[in-house]
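Okay, thanks for coming, everyone.

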Amino acid sequence: MPEAVEESTLKESVQRATVEWVAELLEDPEVGAEDNFLDLGGHSMLALQLGNLAKERFGQDYDLRVLFEGTLADAAADLAARAA
Amino acid sequence: MATTERTDHRLSAQELEQFERDGFIGPIKIYEPEEMEERWNTIRRQLPDRSLAIYPDDALGAVTNISNYDRHLDVDLLSEHIMKAEIVDRVASILGPDVLCWRTEFFPKYPGDEGTDWHQAATFANASKKPQILWPSRDGQPAFGGTITVWTAFTDSTRENGCLQLMPGTHRQMNYDESKPMEYDPEAINAREKEGVKRGFFGYDYRQLQKDPNWQPDESQAFPLVMKRGECVIFWSTLMHASLPHTGSKKDYRMGFAARYVPTQVRIYPDTDTVAEYGGGIPLDNYGAVLVSGKDEYGHNRIAKTSRRGFTFEPRGF
């Protein structure tokens, strides 16, 4: 598979997993990729749990600055770029 | 006759009398709930940026992030908070006009977290084993001191999410000897019940410091201090205090922010280069106390006149 396709697949896969995990952690099925983690009601302890899930699956943690300031899509894209 | 509007927030004679008797006063509203929410939402987004924090970010204990001590030295809204007239005037009316803020700390409590043991702190040697504040000596002995702690609820503080508990009138007599050994055991965190309540002291067991090992705090004297976000309580650190465990829902969390104040004649971190406690350690190279009110005529302590982000600390005057 060409490298660009692989990266785009990874990015999509991290984003999908991120949205699923956040929905589960916050018990909120309405979570979307454009939502902000803190605005959804997330806090540091849930961020730690989310990071552990990501480390287990993708070998990388979220950058807290991006997770707290940006959208879930931003946080996922940042993580995917480091995991690639 | 024109009435004179009160231009400061000093405690009235009656409030001072109450404070002397009980060792605390509050809750006192510092911010409207909406303003507090907005401020905390900004602060929490800024905390992960540690580029100007005065302690390195590897000072992590098992649950206590002591590298997040003193973030008032690099986060503007926290710099502003410790200087707030509504807080400083009240503290100065207790301690006298010349006051330093020597420490700030976050006290988060998340779902499933244990409560905090009953404790009192006079020198804060409890965990670090070195006095962190030293009052001038009186009759050859260091004077009985402690610090004034202003604990502000950055989120609502409820029984379910682990609010503070206080025992009024217990601030004059220490039941604990902070120089006694106390063992750090991160395995004990969230793992022990005391008198039927899940609690501990951030990896320590505060009962190990009891002057009388057989003594037990009289919990019938205690009450839970429920606070709305934006409210604070002002208390002597020598007052018996604790907190309840978090038994609330997943999204609910308690965030307390403690600012600690002493008069300028107190020596802060005497003969100390690094504070080691709660499984972490912080070097004091970039440390400075903040003069929040009056003048520092003693010169005992290194003073930070500005934050690392350039915020100028203008002491209140009366």
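So, start with B:Trp215: setting aside neighbours within four places in sequence, B:Trp215 is in contact with B:Asn175, B:Tyr176, B:Gln210 and B:Met240, contact being heavy atoms within 4.5 Å. The C-alpha atoms of B:Trp215 and B:Asn175 are separated by 8.6 Å, with the two residues 40 apart along the chain. B:Trp215 sits in the loop between strand E10 (197–200) and strand E11 (223–225) of chain B; helices here are DSSP runs of H or I with at least four residues, strands are runs of E with at least two, and both are numbered from the N terminus. And B:Trp215 is partly exposed, at 24% relative accessibility. For that, buried is under 20% relative accessible area, exposed is over 50%, and partly exposed is in between, with a 1.4 Å probe and protein chains only.

Quick housekeeping. This is a predicted model, where local features need pLDDT of at least 70 and side-chain atom pairs need 80 or more, while totals for chains, interfaces and linings use all residues. Residues are numbered from 1 along each chain as its sequence is written, chains are lettered from A and ligands numbered from 1 in the order written, and side-chain values use heavy atoms, leaving out hydrogens and water.

Next, helix H4 (residues 85–95) of chain B. Is it enclosed or exposed? 10 of its 11 residues are buried, so H4(B) is largely enclosed by the rest of the structure. Among the buried ones are B:Asp89 and B:Arg90, along with B:Ile87 and B:Val88. Just after H4(B), B:Gly96 takes a positive phi of about 100°.

Now cysteines. How many disulfides are there over all chains? The count is 0, with a disulfide being a pair of cysteine sulfur atoms within 2.5 Å. For B:Cys163, the nearest cysteine sulfur is that of B:Cys232, 15 Å away. The sulfur of B:Cys232 has its closest cysteine sulfur in B:Cys101, and at 13 Å that's too far for a bond. B:Cys163 is buried, at 0% relative accessibility, and B:Cys232 is buried at 0% too.

On to the interface. Chain A puts in 18 residues and chain B puts in 10. About 1300 Å² is buried between them, 56% of it from carbon and sulfur atoms; that's the accessible area (1.4 Å probe) that two parts lose on being put together, summed over both. On the chain A side, A:Leu38, A:His43 and A:Arg65 lose the most area to chain B, together 37% of what that side buries.

There are 3 salt bridges between the chains, each a side-chain nitrogen of Lys or Arg within 4 Å of a carboxyl oxygen of Asp or Glu. One of them joins A:Arg65 and B:Asp49, at 3.7 Å, N to O.

Last stop, B:Arg45, in helix H2 (residues 33–46) of chain B. B:Arg45 is buried, with a relative accessible area of 17%. Which side chains does it make polar contacts with? One is A:Asn36, at 2.8 Å, and another is A:Asp39, at 2.8 Å. A polar contact is a pair of N or O atoms within 3.5 Å; within protein, one must be able to donate a hydrogen and the other to accept it, and residues adjacent in sequence count only if both atoms are side-chain atoms. Beyond neighbours within four places in sequence, B:Arg45 also has A:Leu38, A:Phe68 and A:Glu69 among its contacts.
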